[in-house]
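This briefing goes through one structure, topic by topic. Keep the sequence and the 3D view open while reading.

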Amino acid sequence: YLTKQPFRLMPGDFVTKATEGSAPGSRFTVLVKNPELTDIKGMDLGDREYRGFIEVVPTPDGFHLVNELPLDRYLFSVVGEALPPTAPLEAYKTMAVLVRSTMLTRLHSARPNPEGTQTCDAKVCLSYYGLSRERENSSKGVRQTRGLVARTAGGTLPEHHPSCGWATDSGVQDRQSPTLAFRSPGDLERLIHRGPDEGLYHQATALIPESWNRWVRVLDAEEVRARAERSKDVGPLKKVVVLGRDGTGRARGLRLEGSRGVLELDGLAQMAEVLSPGSLRSDLFVLIPLYDGHRIAKLVLFGAGYGHGRGVCVAGSVGQAHLGRR
């Protein structure tokens, strides 16, 4: 409560165990608890238990906690968080290679800052929760792929996302025999409104959450308008138009037409910020406006997939591992 200087919490034998073959901080942990008890047992879902050591940095608003630990022990938790808890080992090995590749690139390109951090524990940085998300198979997957990284044929870093819906944005279908093709707008409507095809890899296992596959959002038009008017005064919404789609049906953007102006949104990030911040799962959706007179009262979105659709589909990886593929 009183210190004005940063300090470190370093578990015992931090240095000596390193000389015996263990990585620094691997045998001991630090438990970070909420100072305000949330129930009579003193337990809180926000409590975190970390490997390595913790640097406590005083700020005008409290403290920043910086956790320092070896990369692979960091991966134990991040890889465990990325997959359903009982996913097959081969899926964890795949995810370990992908996440290690991403993190090594970020470590090498991190900008210097006063606290010396190289990443964060937010979703955009790959969520990190410490020991609570470590799994037996996530640890095995990290250990059995130690030192392995991946690059695309073009030399770039491979991306990944939770679920492609039916195909990645580059057209790689989540099935052994890619046969599905869109011949009309009706094909896209049928794909999204019905349940996922049983021939998809991610349908081979019951581990994948249904909300990764198909989802519905009912949006209040006035709330959408209020978010849009942070950028431009459009007035009450009269029309919403999808600005084209790619070959897999993903929306490239939206045009919001109001009584006083027009606002165009480009890409998933901009569409999510205006339509439904934090809950627009993907850009693979169809949109139905519900009118009250000449104004739109509600927007109903039927969607498929989860994430940006680029690179490896995690749900498909789990399904293929479930079928015995390496």
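Strand 4 and strand 5 form a hairpin, with two residues between them. Helices (H or I, at least four residues) and strands (E, at least two) are DSSP runs, numbered from the N terminus. This is a predicted model, in which local features need pLDDT of at least 70 and side-chain atom pairs count only at pLDDT 80 or more, while totals for chains, interfaces and linings use all residues. Residues are numbered from 1 along each chain as its sequence is written, and side-chain values use heavy atoms, with hydrogens and water left out.

**The sheet**

- Strand 4 and strand 5 run antiparallel and are joined by seven bridges; two strands pair if DSSP finds at least two bridges between them.
- P58 has F63 of strand 5 as its bridge partner.
- Strand 4 (residues 53–59) is also joined to strand 1, by three bridges, and these two strands run antiparallel as well.
- L9 stands opposite I54 of strand 4.
- The three strands make an open sheet in the order 1-4-5, with antiparallel pairing.
- Strand 1 (7–9) and strand 5 (62–68) are the edge strands, each pairing on one side only.
- From one strand to the next, the twist averages 30°.
- Strands of a sheet pair through backbone hydrogen bonds, either parallel or antiparallel.

**R8 in strand 1**

- R8 lies in strand 1.
- Leaving aside residues up to four places away in sequence, R8 touches F53, I54, E55 and E68; contact means heavy atoms within 4.5 Å.
- R8 and P58 are 50 residues apart in sequence, and their C-alpha atoms are 12 Å apart in space.

**Helix 1 and helix 2**

- Helix 1 (residues 71–82) and helix 2 (residues 89–109) have axes that come within 9 Å and cross at roughly 125°. Axes are lines fitted to C-alpha atoms, for helices over the stretch in contact, and angles run from 0 to 180 degrees between N-to-C directions.
- Helix 1 is therefore oblique to helix 2; angles under 35 degrees count as roughly parallel, over 145 as roughly antiparallel, 65 to 115 as roughly perpendicular and the rest as oblique.
- The crossing of helix 1 and helix 2 is right-handed. A crossing is right-handed if the near helix is turned clockwise from the far one by less than a right angle, and left-handed if anticlockwise.
- Residues making the contact include L71, L75 and V78 of helix 1 and M95, V99 and L107 of helix 2.
- The residues of this contact of helix 1 with helix 2 divide into 13 nonpolar, one polar and two charged.

**Helix 8**

- Why is helix 8 (residues 314–322) largely enclosed by the rest of the structure? Seven of the nine residues of helix 8 are buried, so the helix is largely enclosed.
- Among the buried residues of helix 8 are V314, G316 and A321.
- The cover over the buried residues of helix 8 includes helix 1, helix 2, strand 6 (160–161), helix 5 (210–213) and strand 13 (312–313).
- The axes of helix 2 and helix 8 come within 7 Å and cross at roughly 140°, and the crossing is right-handed.
- In helix 2, E90, A91, T94 and M95 meet V314, S317, V318 and A321 of helix 8.

Note on methods. Nonpolar A, V, L, I, M, F, W, Y, C, P; charged D, E, K, R; others polar. Buried < 20%, exposed > 50% of the residue type's maximum accessible area, 1.4 Å probe, protein only.
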